Amino acid sequence: MLTLKLAWKNIWRSRTRSLVVVASIIIGVWSVIFLMSFSLGMGDSYLQSALKNEYGHMQVHHPNYKDDQEAKFTFEEGANVGSIAGVKAYSPRVLSNGMLSTGHGARGVIIKGIDPELEDGVSGIKAFVKEGEYLETGDQRSILVSQKLTEKFKLGLRSKVVLTFQDENGDMQSSAYRVKGIYNSGNAMVDEMRVFVDKQSLAQLMFKNDSLGNRIHEMAFMLTGTDQMDTVQSQLAALFPGELVENYKQLAPDLALMETQIKTSGYIFIFIFMLALIFGIINTMLMAVLERYRELGMLQAIGMGKPRVFSMVVMETFLLSMVGVPIGYLLGYISVKSFGTNGLDLTAFSKGNEMFGMSSTVYPIMDINLFIQLGVAVAITSLVASIYPALKAIRLKPVEAIRKL
Amino acid sequence: MKVIEVKGITKTYNPDKVPVEALRGVDLTIEAGEFTAIVGPSGSGKTTLLNIIGGLDRPTSGDIWIGGTKLNDMSENQLIKFRQKEIGFVFQSYNLIPVLTTAENTEFVMLLQGRSKSERDTRVKELLAEVGLSDKLDKRPSELSGGQQQRVAVARALAAKPKFILADEPTANLDSASTSNLLDIMEKLNHVEHMTFVFSTHDQRVIDRARRVVVLEDGMIKSDDRK
C-alpha cells in the first residue's frame, strides 16, 4: 500500500511529462481500436458480400462438380433442408457456364437458374434490382442481368439476349431471353460474370429427359450465425450422403485467409504501437529516476529495501500507462459505436471498393477481445519498459546518490 | 554501553587507479547518550567515517560494531534492514520526500517496518510536537522553511526509535535562528530521551554545543575531547 501510494504520488510530480505519456497512450489505444474495428468492418463488408453473392455460409455439390463443372453432375434437391436448426435460408441452383450473346457482342457468363423466392433469402438479390422487376417463379424467358453487363452491351429492359450452353448430354442449347430486371449488387467483379434465370426454365433445356425432376447443381445456405456452421454441416452431410458439403472457408480459402490477415494486421498494429510506447515509457521513467537519484538514495539509506524501490518504479510505470488505457478505451468505444451506427462514408474510394465487393460505406465492428488484448499488451509493455529504469534505481549506491546535487 | 565501536578502520578510494586514503586507521567508541561532533577540514574523512558507521559504505579494512552487531559481514539487504531499524539519518539537504506531507514523511520508516496505524499516528504526533511542528502535519516540504524541513528530518530519524542518530552537516543550509532551534531540539532529545547523536560538521555553533568533539585530520583522529 505504501509503495502504491508513493508511486501514484510520484507520477504526478512532473505533471506535463506524465500527461504527455498518458496522451500518447490514449491516442495509441484509441487509434488501434479504431483502425482494427475499421479493418474488421471492411473485412466483414467483403465477407458478407462474398457470402451473399457467391458462397453463402455453405454449399452442397455433386462430388465431381467442383473439378469438372459438367451439367451431368447433379444431385436431388431433397426435402426439409429449410427445417434444419441454424439454417436461415437456402437456395437450390441449376448452373451452367455459357455464352451471353447480344447485338453488341458476347461474353462468357455463369448462368444461374434459381428459385427466385428462395434465392432472395440467400443472396438478397431482389433488393439490388435497380431497374425493371425481379424474377418470378415460372418466368420462362426472363433474365436478370447486371448493370455492368447492360453498360457493356448497351442493354435495356426487354432487350433480347441469347444464352448458349451445353446440356447434360453435351449438346449445345440456345435460348433467347428478355431482360426483365437490371441489378447492381455492389460487387462489380461478380456482377459482370453472372446472369439469373428461372431454375425450371434452365432445367428444361439442360435436363431434357428429366426436366421436371429436382435435379440441381448447387444448394447454397445462409445460416443464422457462423457458430452454427459445424453442426449444420454435419446435418447436411447426413441429409445429402455422398455429396460434397462445404462451408465458405472450404469453398473459398481466400476468405478464411482474409479473416486471418485482418487479425494478423491487428497484431502488427498493436506491436508497432507497443514498440513506440516502450521507448516513450523508458525515456520518461529514466528521466524520472535520474531526476530523483538523490531521493532514491536517501530512501535506500533510511531502509527502503531494493525490492520495494524496484516495485515502486515498476508500479509508477504501470500506473502511468494504465491511466491512459481507460480513456483510450472510451474514445475508441465512442468512435466505433458512432461510425458503427452511421457508417464511414468512403464514396471517394467506392469504385475501388466495389471492384472487390466492398460497400462504399464501412461500418466499424467492435471486438471486445481487442480491448482485452490491447489492455494486456499495454500492461505487459509498461512492465517490460519499467525494468531498465527500475534496475537503474536499485543499482545506485546510496552513499553516492545522497551527495548528488 | 557502547553504541558504536570502530577499530582500525581504513578506507581507500580508487585502490586500483589513483588511491586516495580517506581513513587511515580510525578507532572510535561512542557510548549511549553521547552528543558527539566529528569535525575536521574538508577531505579529513569525517563524512566517510559517518557513512561507514551508518552502514552506507564499507571500510577497506577494520571492524565496526553497532550495538554489539558486527556490520562488516552483512549483505547489502541485511544492511538496509539494519539501517531501517537501528540508525536514524539526518542529511545536510534534508532529503524529505517532496510528495509526502510532514506527517507522512515522519511515519515513513515506521511504514517500512510495518507498524500499526494507531502506533504510527501516536508516534508522529508525539515527535512533531517535540520538534515544534504540530501545526504543520499536512504541509508538504515545499511549504516549509529549511529549518522546519530539517526538524521533520529529525522527527523522521527518531520515528523508528533507533540506537543513535547520524547527522551529516545538519546545519550547513540553515540560518542562525534555525540552527539554534534545531540544536535546542537535539539537545533536549539527548537529555530527555538519552538519544545518542553523532554529527559531522564544521559549524562552530554545533561544535560549541557538542559534549564530545572528535577532530579528524588526514583520515586519522587528531584529538578526542570530552567537555
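The model is predicted, and local features need pLDDT of at least 70, side-chain atom pairs count only at pLDDT 80 or more, and totals for chains, interfaces and linings use all residues. Residues are numbered from 1 along each chain as its sequence is written, chains are lettered from A in the order in which they are written, and side-chain values use heavy atoms, with hydrogens and water left out.

**View 1. The interface of chain A and chain B.**
In this view, 22 residues of chain A are in contact with 25 residues of chain B, where contact means heavy atoms within 4.5 Å. Between them the two chains bury about 2100 Å², with 65% of it on carbon and sulfur atoms; buried area is the accessible area (1.4 Å probe) that two parts lose on being put together, summed over both. The count between chain A and chain B is two salt bridges, a salt bridge being a side-chain nitrogen of Lys or Arg within 4 Å of a carboxyl oxygen of Asp or Glu. On the side of chain A that touches chain B, the elements giving two or more residues are helix 1, helix 10, helix 11 and helix 14 (398–401) of chain A, and helix 10 of chain A supplies the largest share, six residues. Helices (H or I, at least four residues) and strands (E, at least two) are DSSP runs, numbered from the N terminus.

The buried residues include B:Phe108, B:Val109, B:Met110 and B:Leu112. They pack against helix 1 (2–11), helix 10 (293–301) and helix 11 (306–342) of chain A, and also against helix 2 (76–86), helix 4 (117–130) and helix 5 (146–159) of chain B. B:Glu104 is another of the buried residues of this helix, and its side chain meets that of A:Lys5 in a salt bridge (2.9 Å, N to O). Just after the helix, B:Gly114 takes a positive phi of about 75°.

Four strands of chain B form an open sheet in the order 2-1-4-5, with antiparallel pairing; two strands pair if DSSP finds at least two bridges between them. Strand 2 (20–31) and strand 5 (69–70) of chain B stand at the edges, each with a single partner strand, so one side of each is left without a neighbour in the sheet. Strand 1 (residues 2–13) is joined to strand 2 by nine bridges, and the two form a hairpin with six residues between them, in whose turn B:Asn14 has a positive phi of about 50°. B:Thr10 lies in strand 1 of chain B, and its bridge partner in strand 2 is B:Arg24, whereas B:Tyr13 has B:Val20 as its bridge partner there.

**View 2. The loop that holds A:Thr137.**
A:Thr137 is found in the loop between strand 5 (129–132) and strand 6 (142–146) of chain A, and this residue counts as exposed because its relative accessibility is 58%. Leaving aside residues up to four places away in sequence, A:Thr137 touches A:Asp115, A:Pro116 and A:Asp198.

Key: Buried < 20%, exposed > 50% of the residue type's maximum accessible area, 1.4 Å probe, protein only.
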